[in-house]
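Please look through the sequence and the structure shown here, and then follow the explanation below one step at a time.

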Amino acid sequence: MKGLERWVSTVDHKEIGVLYMLTALVFFLIGGVEAMMIRAQLSLPGLNFLAPETYNQVFTMHGTTMIFLVVMPVLAGFGVYLVPLMIGASDMAYPRLNALTFWLQFFGGVLLYISFFAGGAPDAGWFSYAPLSEKAFSPHAGLDYWALGLLLLGSGTVGSAVNFIVTIANHRAPGMTIRRLPLFVWMTLVNSVLILFALPALNAALIMLLSDRLLHAHFFDAAQGGSPILWQHYFWIFGHPEVYIMVLPAFGMISEIIPVFSRKPIFGYGFVASSTLAIAFLSYGVWVHHMFAVALGRVFISVFAAMSMLIAVPTGVKIFAWSATLVGGSIRFTTAMLFAVAFLLEFTIGGLSGVAFATVPIDWELTDTYFVVAHFHYVLFGGTAFALFAAAYYWFPKISGRLMDEKMGRWNFWLVVIGFNMTFFVQHLLGLMGMPRRVYTYPNLPGWAALNLVSTFGAVILGLGALVFICNILASLAFGTRAGNDPWDAWTLEWAAKSPPLPENFETVPAVRSRRPLWDVKHPDAPDWAAEGGA
Amino acid sequence: MKTRAPLGMLLFLLNEAVFFFMLIGAFVYFRGSALATAARSLNLAGASIYTVCLLASSITMWRGVAAGSRGWLGATLALGAIFLYGQGREYWALFRQNVTIGGDQFGTTFFTLTGIHALHVLTGLLLLLVLLSGAGRRSALDSIALYWYFVDAVWIVIFAVVYLWTFV
């Protein structure tokens with residue numbers, strides 16, 4: 001078959017995984033350009049580089065793109081590529097559903113971007129608060145494209161969650177018990193359950209918004225008896241679990257990478273796995289912390305404040321487990337490991353500012369300021385994106401058969417670390433000074449111009465880091481050192497497959513008698529299963 | 001691997017259950033301001049008749065799966081169609097009383113909730129039609145039956161919340 005025809009019609013999980021990742025990479029570039037436009041407009045006070053209306057569209061599309069068209073698809077891509085390999089299966093449970101859910105998400109993204117040519121992009125922010133998102137205040141079609149695009153993306157995500165659960169439930173190699181699952185697979189499983197309960201809340205809210213906008217219903221329009229607060233509740237019942245949906249697979253990646261480069265099994269596998277369940281469970285009881293500024297009653301919000309602090313505990317357990325894995329290990333600082341260790345630090349900063357927000361009076365003081373922007377970029381970029389960089393360097397050799405260049409990797413790493421912290425650390429300070437988010441410019445108050453300029457310079461450095469990453473991918477695809485099947489001397493099943501794997505993945509799946517089947521193969525004298533007390 | 005398809009369908013229905021929970025939640029949220037219109041305009045007797053048809057269709061579906069018989073599946077198709085016809089008549093009667101989705105909160109919540117449910121019934125009918133017209137796989141019938149039971153069960157909840165609660 002010809003190239004294009006093959007890629008459009010493929011149902012192979014590896015090819016679909018690559019399609020997801022490439023799509024996400026393209027949207028990452030687009031979302032990155034939007035970020036640069038935001039930072040250019042904000043580099044000095046009183047600029048008019050972007051008109052206010054354009055600025056609203058750009059920050060809305062930046063957020064929507066990064067969440068729904070970059071993080072979600074790239075996590076799905078790593079999942080559909082790796083999960084079957086890691087459990088010793090030949091494909092996902094439903095290969096055609098796998099293709100369908102990819103194309104749903106692909107065209108959801110296309111639909112979202114068509115809005116630019118159909119009267120203007122959506123401009124009500126990534127959470128599209130009512131009544132701003134209603135027809136009376138946003139009469140152009142941008143919000144309709146937003147809702148329809150997200151409906152496609154949401155449906156695709158649900159389909160892939162179903163596919164992951166059935167695959168992990170029914171297609172594990174003999175011996176791959178639930179307690180021996182690689183942690184990335186374990187977290188993908190929990191994540192899929194989270195998706196099944198969270199995404200339908202968004203889909204229902206979108207149906208209601210579309211009823212309002214297209215059929216003249218009024219769920220969210222207060223002037224006609226509707227309730228804007230209902231939108232906030234529904235959106236965040238989806239939106240807060242969504243935050244964990246975007247970070248749990250990243251936790252899984254870190255849980256694979258840190259042990260391999262520390263030459264130690266993960267510390268407290270059971271705690272890492274079960275704290276994931278705790279996070280998933282608690283994540284449904286914290287959504288109101290996005291709504292502390294709405295007058296909902298003191299007792300009501302106190303409950304959610306307490307829950308929001310509680311959820312820091314299982315997250316902290318993971319940080320301790322990863323740190324304890326490092327202790328006493330013989331650490332190899334490859335680029336993947338550098339990003340993984342940086343993840344620990346950056347994500348912890350984001351986690352701490354999150355706990356600060358759970359304190360209601362602090363939230364009241366800082367809500368809608370740049371402190372919020374700083375906080376969620378530390379968890380989403382410092383957390384998820386750093387883990388994704390680590391994952392890219394770690395699994396690229398498996399996917400392509402070639403190693404990524406370590407020298408460019410160092411440049412990639414240091415530019416991203418310096419640029420990221422320069423961009424976002426100062427935004428904590430701007431937030432504390434009261435600079436509001438989502439406003440296209442700002443007055444020249446003491447310190448604001450300097451800090452914003454630092455932030456914009458940081459963004460340029462961060463952007464250079466991202467470009468080095470893309471150059472590294474292209475250069476390594478063409479000229480990278482041949483990787484062999486197992487370049488990192490790792491332990492999970494995907495490294496027993498060829499690089500890149502055969503269409504059917506394995507000729508024979510190694511016996512699974514412990515959590516580290518390849519360790520057992522390489523060390524028949526001291527296999528894990530002997531230490532664990534037999535198979 | 002006989003259980004493969006129904007597990008996937010069960011998980012999909014779990015997502016659907018949450019989806020309907022949210023829509024029913026919105027109906028309940030606005031119930032206070034919608035109650036007067038609901039009591040004035042809903043037709044409990046008429047709705048009860050087509051509700052019975054839908055419930056009966058679950059029994060014929062169950063027989064169809066158990067006996068592998070096309071006749072029972074055809075009966076399911078017919079009963080489902082009667083349900084949609086009955087609901088269509090009720091919609092028409094409401095329109096004539098000027099109760100629409102753009103009217104008050106009752107219209108907004110009632111038509112969105114029951115309309116989305118009707119789309120699910122219609123989807124079920126189309127799936128059955130495909131199965132009856134071609135050689136559907138056994139696992140497809142199992143999945144479609146699960147879906148059908150679910151859509152009926154959701155209607156029981158909707159009927160209780162929208163109709164019974166209004167008149168009791």
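In chain A, helix H2, which covers residues 13-42, packs against helix H3, which covers residues 52-86, at an angle of about 155°, and their axes lie 7 Å apart. Angles over 145 degrees count as roughly antiparallel, and H2(A) and H3(A) are therefore roughly antiparallel to each other. The crossing in which H2(A) passes H3(A) is left-handed, and the residues of this contact comprise 23 nonpolar, eight polar and two charged ones. The model described here is a predicted one.

A second pair of helices in chain A can be read in the same way. The axes of helix H9 (residues 269-282) and helix H11 (residues 312-326) of chain A cross at roughly 160° and come within 8 Å, which makes H9(A) roughly antiparallel to H11(A). Here, too, the crossing of H9(A) past H11(A) is left-handed. On the side of H9(A), the residues that meet H11(A) are Phe271(A), Val272(A), Ser275(A), Ala278(A) and Ile279(A), while H11(A) brings Pro314(A), Thr315(A), Val317(A), Lys318(A) and Ala321(A). Sorted by class, the residues of this contact are seven nonpolar, two polar and one charged.

The contact involves 26 residues from chain A and 21 residues from chain B. On the side of chain A that touches chain B, helices H5 (142-170), H6 (183-215) and H7 (228-245) of chain A each supply at least two residues, and the largest share, eleven residues, comes from H6(A). This side of chain A has 20 nonpolar and six polar residues, but no charged residues.

Which residues touch the most other members of the largest nonpolar core? Within this core of 215 residues, they are Ala205(A), Ile254(A), Ile257(A), Phe339(A) and Ala390(A). The helix that gives the most to the core is H14 of chain A (residues 370-400), with 22 residues. To see one of these positions in detail, consider Phe339(A), which, when residues up to four places away in sequence are not counted, touches Phe386(A), Phe389(A), Ala390(A), Tyr393(A) and Phe413(A).

Notes. Residues are numbered from 1 along each chain as its sequence is written. Chains are lettered from A and ligands numbered from 1 in the order in which they are written. This is a predicted model: local features need pLDDT of at least 70, side-chain atom pairs count only at pLDDT 80 or more; totals for chains, interfaces and linings use all residues. Axes are lines fitted to C-alpha atoms, for helices over the stretch in contact, and angles run from 0 to 180 degrees between N-to-C directions. Helices (H or I, at least four residues) and strands (E, at least two) are DSSP runs, numbered from the N terminus. Angles under 35 degrees count as roughly parallel, over 145 as roughly antiparallel, 65 to 115 as roughly perpendicular and the rest as oblique. A crossing is left-handed if the near helix is turned anticlockwise from the far one by less than a right angle, and right-handed if clockwise. Ala, Val, Leu, Ile, Met, Phe, Trp, Tyr, Cys and Pro count as nonpolar, Asp, Glu, Lys and Arg as charged, and the others, Gly among them, as polar. Two residues are in contact if their C-beta atoms, placed from the backbone, lie within 7 Å. A nonpolar core is a set of buried Ala, Val, Leu, Ile, Met, Phe, Trp, Tyr and Cys residues joined through C-beta atoms within 7 Å. A residue is buried if 20 or more other C-beta atoms lie within 10 Å of its own, exposed if 12 or fewer, and partly exposed in between; C-beta atoms are placed from the backbone.
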